[in-house]
Amino acid sequence: MEINRSSITANAATAREMGLVSCHRCHLLCKLYDQKSACPRCGTSLHSRKKESVARTWALVIAASIFYIPANILPVTYTTSLGTVQSDTIMSGVIYFIHSDSWPIALVIFVASIFVPLLKLVILITLLLSVQLRWISRAKDFTRLYRLTELVGRWSMLDIYVITVLVALVHFDALADIEAGMGALFFAMVVVITMFAAESFDPRLIWDNLQSTHEEKY
Amino acid sequence: MVEHLIACHGCDLVHALSDIPIGKTAYCSRCGSILYRPKRDSINRSLAFTLAGAILFFIANTCPFLGFKIGSKIRETTLASGIHQLYQQDMFIIASLVLFTVVLVPLLHILCMLYILIPLRFNRNPLYLANVFRLYLVLKPWGMLEIFMLGILVSAIKLVKMATIIPGTALYAFLALVFVLSAMTVTLDGHVVWKSIDRQ
């Protein structure tokens, strides 16, 4: 997918260094006249970098990490069948599928519900540290990691949908009944909060450090 | 001169873009993020998928999507009754989240696209074009139909040992809707929509 070199030329400067702001929504390059200006094309308020990006992302990441614990300890479903009640956590759901020999399904649920949320939290913390501690040598890799979190984060909603369908379908009074537990609520909060966290992080901060280090050198 | 410049939204480096041929992608030379990917016949194609999506959306939300048979009892669910069930169990937040991501966001996506693309197709700009397209872009990450589809699959496998599962009309409509809505998103060239605002 290499394109003709003549149709794309990289400038040596960032938009900020040129005194310009790239609109978050429509990507129009605008001149910033005062702090309250809006994009002349689409009306979005203009900021050179996302506002309070590091502080906001930290707050959301910490909140999500706290919710991650009850999400994995508390039961997500209560299954009543013929009078006996069985409570399941996310992990016991995975183990159930391993025991019933459907390990591909077990793997899908494990990846979507346990691995991805944890991975997302770890990546976001790494990115925040990289900005604050000025780890500039791997800037390109950190940008890749950011794109990865944006891409995979939403798939954690899988378990919430599975619970919804189960609760909606299995409703036969004493014979068989499935109800959602508090764990599901905390888990849903983890997914939503990490999505907001990924959105509030500004990947350009990773590269800003690179530039300010150059300026110090020369 | 400023119009031909574009700043990478991954690292803020400014690039000068002249015409990128259709089917090719311009990547940022520093961080590798996508700068711009032009689409062939974007308005027409995207509108076609939007219209198909509107019809499928209606079917998917009115017909029963799964039947569940245990002994002689049969239980049929539509999407709405499933969400209603969660509300009755005081799972207000989860029910709202499912309603928002599986019903409201896809519906708003289809409505926004119809509102934007039909006038653009006839070279007119609808009122509040920028606001409506911004709404579409803000909602974009919250449409999770494809994940819901995988959720149905997983729960069907979970339930198949308990009882007989009867796939409903809505299930097939849903499956098609997932692909049609992805196609709608992929064929749309946001740049063309923003350019039409400049045209005025």
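Predicted model: local features only at pLDDT ≥ 70, side-chain atom pairs only at ≥ 80, totals over all residues.
Chain A has seven helices and six strands, where helices (H or I, at least four residues) and strands (E, at least two) are DSSP runs numbered from the N terminus. Residues are numbered from 1 along each chain as its sequence is written, and chains are lettered from A and ligands numbered from 1 in the order in which they are written.

Let us look at the overall build of chain A. The chain is divided into domain 1 (1–48) and domain 2 (52–217); such bounds come from an automatic or database domain assignment. The C-alpha centres of these two domains of chain A are 32 Å apart. The C-alpha trace of chain A spans about 75 × 35 × 35 Å along its principal axes. Its radius of gyration is 23 Å, whereas a compact globule of 218 residues would have one near 17 Å; the radius is taken over C-alpha atoms, and the globule rule is 2.2 Å times the number of residues to the power 0.38. Of the 218 residues in chain A, 40% count as buried. A residue is buried if 20 or more other C-beta atoms lie within 10 Å of its own, exposed if 12 or fewer, and partly exposed in between, with C-beta atoms placed from the backbone.

Strand S4 (residues 77–81) and strand S5 (residues 84–88) of chain A run antiparallel and are joined by five bridges; two strands pair if DSSP finds at least two bridges between them. Ser81(A) has Thr84(A) in S5(A) as its bridge partner. Two residues lie between the strands of this hairpin, and Leu82(A) in the turn has a positive phi of about 50°.

Chain B is likewise divided, into domain 1 (1–38) and domain 2 (41–199). The centres of these domains of chain B, taken over C-alpha atoms, are separated by 31 Å. Chain B also holds an open sheet of three strands in the order S6-S5-S7, with antiparallel pairing. Strand S6 (73–77) and strand S7 (164–167) of chain B are its edge strands, each pairing on one side only. Five bridges link strand S5 (residues 66–70) of chain B to S6(B) in the antiparallel sense, and Ile70(B) stands opposite Lys73(B) in S6(B).

Now bring the two chains together. In chain A, 54 residues are in contact with 60 residues of chain B, contact meaning that the C-beta atoms, placed from the backbone, lie within 7 Å. On the side of chain A that touches chain B, H5(A) gives the most, with 10 residues.

Why does Cys31(B) count as buried? Because 24 other C-beta atoms lie within 10 Å. Leaving aside neighbours within four places in sequence, Cys31(B) is in contact with Lys140(A), Thr143(A) and Trp207(A), as well as Cys8(B), Gly10(B) and Cys11(B).

Conventions
Contact = placed C-beta atoms within 7 Å.
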